[in-house]
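Student: I have a model open and want to learn to read it feature by feature. Where do we begin?

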Amino acid sequence: MTTGAVFGTAHARNPGGRRAVGHPGRVPYPDKLLAADEEVVRHLHPHWLTIFWPIVWFLAIVGAASFGAAIIPAGQQQGLLRMGVLALAVLLLLTVVLVPLLRWRTTHYVITTHRLLFREGILARRGRDLGLARIVDVSYTQTLWERIINSGTLSIESAGESGPTVLRQIPDSDRVQQLLNYMIEEDADRRAQESAGYLGEHYGPRATGPGGTGSWETGSWDTGSWDTGPADTDSWHHGHR
């Protein structure tokens, strides 16, 4: 099984020999943040366990509010008390359920063919882009519990940084670490091909001789006028006798 198949990405060799990486399809990412030749390889949110407790709180608050409203005795204050229970339930839902869910949903870890992008924040946004060419090391750590739930922490060392960039609660962290290393190699190959194409376009083939018409080995330097010109036919001597 190839690396591209393992990670669920659409790697395929096109007729030109260049790898084509497609969007994962599950969670699209805004194209306006991508360069013209850039593709999304994997798009992640924090591990689903991040929203486990908000869901538990949601069920507990809804159940407690329903039970509390039901046991309020009949009377003139019943409606007011029920409104109070409902208001308290809504406040708790906003605090311990909605905010964590929105924080999870608005946190993005995106691996592209050129960069690693971070985006987070509900109202105030924070983001960072880290070029694959700058990454020098990617490692991950997992506790026993994180191994069970398939989560972990990524540590990314980059050139020019005083310390590693740490990403916590990354789902499938071991495969993400392998994917990042793979994409770093792909990015290096792409840059090397572009550099070679640039040199070939501006300077021509390496074997081209002076003026672009001969070869350094088989052109005019070996078989041209230097060897077979007037000096070889003795015309200089005959002309001066």
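Predicted model: local features only at pLDDT ≥ 70, side-chain atom pairs only at ≥ 80, totals over all residues.

Student: How many helices and strands does the protein have?

Tutor: The secondary structure comes to 8 helices and 9 strands. Of the 241 residues, 32% are buried. Then look at contacts with a separation of 6 or more: residues 24 or more positions apart account for 47% of them.

Student: How many bridges join β4 to β5?

Tutor: Strand β4 (residues 108-112) is joined to β5 by 4 bridges, and the two run antiparallel. Within this pairing, tyrosine 109 stands opposite phenylalanine 118 of β5. Remember those two residues.

Student: And how many bridges are there between β5 and β6?

Tutor: Strand β5 (residues 115-120) pairs with strand β6 (residues 126-131) over 6 bridges, in the antiparallel sense.

Student: What lies between β5 and β6 in their hairpin?

Tutor: There are 5 residues between the two strands. In the turn, glycine 121 has a positive phi of about 120°.

Student: What is the order of strands in the open sheet of 3 strands?

Tutor: The order is β7-β8-β9, with antiparallel pairing. Its edge strands, each pairing on one side only, are β7 (135-141) and β9 (165-167). The twist averages 20° from one strand to the next.

Student: How many bridges hold the pairing of β8 with β9?

Tutor: Strand β8 (residues 153-158) pairs with β9 over 3 bridges, again in the antiparallel sense. Leucine 154 stands opposite leucine 167 in β9.

Student: Now helix packing. What describes two packed helices?

Tutor: Two values do: the angle between the axes and the distance between the axes. Take helix α2 (residues 52-71) and helix α3 (residues 78-105). They pack at an angle of about 180°, and their axes are 9 Å apart. The cut-off for roughly antiparallel is over 145 degrees, so α2 is roughly antiparallel to α3.

Student: Which residues make the contact?

Tutor: From α2, they include Trp57, Phe58 and Ile61. From α3, they include Val85, Leu92, Leu93 and Val96. Arg82 of α3 takes part too.

Student: How does the contact of α2 with α3 divide by class?

Tutor: The count is 15 nonpolar, no polar and 1 charged residues.

Student: How many aromatic pairs does the structure hold?

Tutor: There are 2 aromatic pairs. Read each pair by centre distance and plane angle. The rings of phenylalanine 52 and tryptophan 53 have centres 5.2 Å apart and planes at 75°, so this pair is edge-to-face. The other pair brings back tyrosine 109 and phenylalanine 118. Their ring centres are 6.3 Å apart with planes at 75°, so the pair is edge-to-face.

Student: Are tyrosine 109 and phenylalanine 118 buried or exposed?

Tutor: Both are buried. Phenylalanine 52 counts as partly exposed, at 36% relative accessibility. Tryptophan 53 is exposed, with a relative accessible area of 55%.

Student: Where do glutamine 169 and aspartate 172 lie?

Tutor: Glutamine 169 is in the loop between β9 and α5 (173-203). Aspartate 172 is in the loop between β9 and α5 as well.

Student: Is each of them buried, partly exposed or exposed?

Tutor: Glutamine 169 is partly exposed, with a relative accessible area of 40%. Aspartate 172 has a relative accessible area of 14%; buried means under 20%, so aspartate 172 is buried.

Terms used. Residues numbered from 1 in each chain as written. Heavy atoms only, no water. Pairing = 2+ DSSP bridges. Phe/Tyr/Trp six-rings, centres within 6.5 Å; stacked < 30°, edge-to-face > 60°. Buried < 20%, exposed > 50% of the residue type's maximum accessible area, 1.4 Å probe, protein only. Axes fitted to C-alpha atoms, helices over the stretch in contact; angles between N-to-C directions. Parallel < 35°, antiparallel > 145°, perpendicular 65-115°, else oblique. Contact = heavy atoms within 4.5 Å. Nonpolar A, V, L, I, M, F, W, Y, C, P; charged D, E, K, R; others polar.
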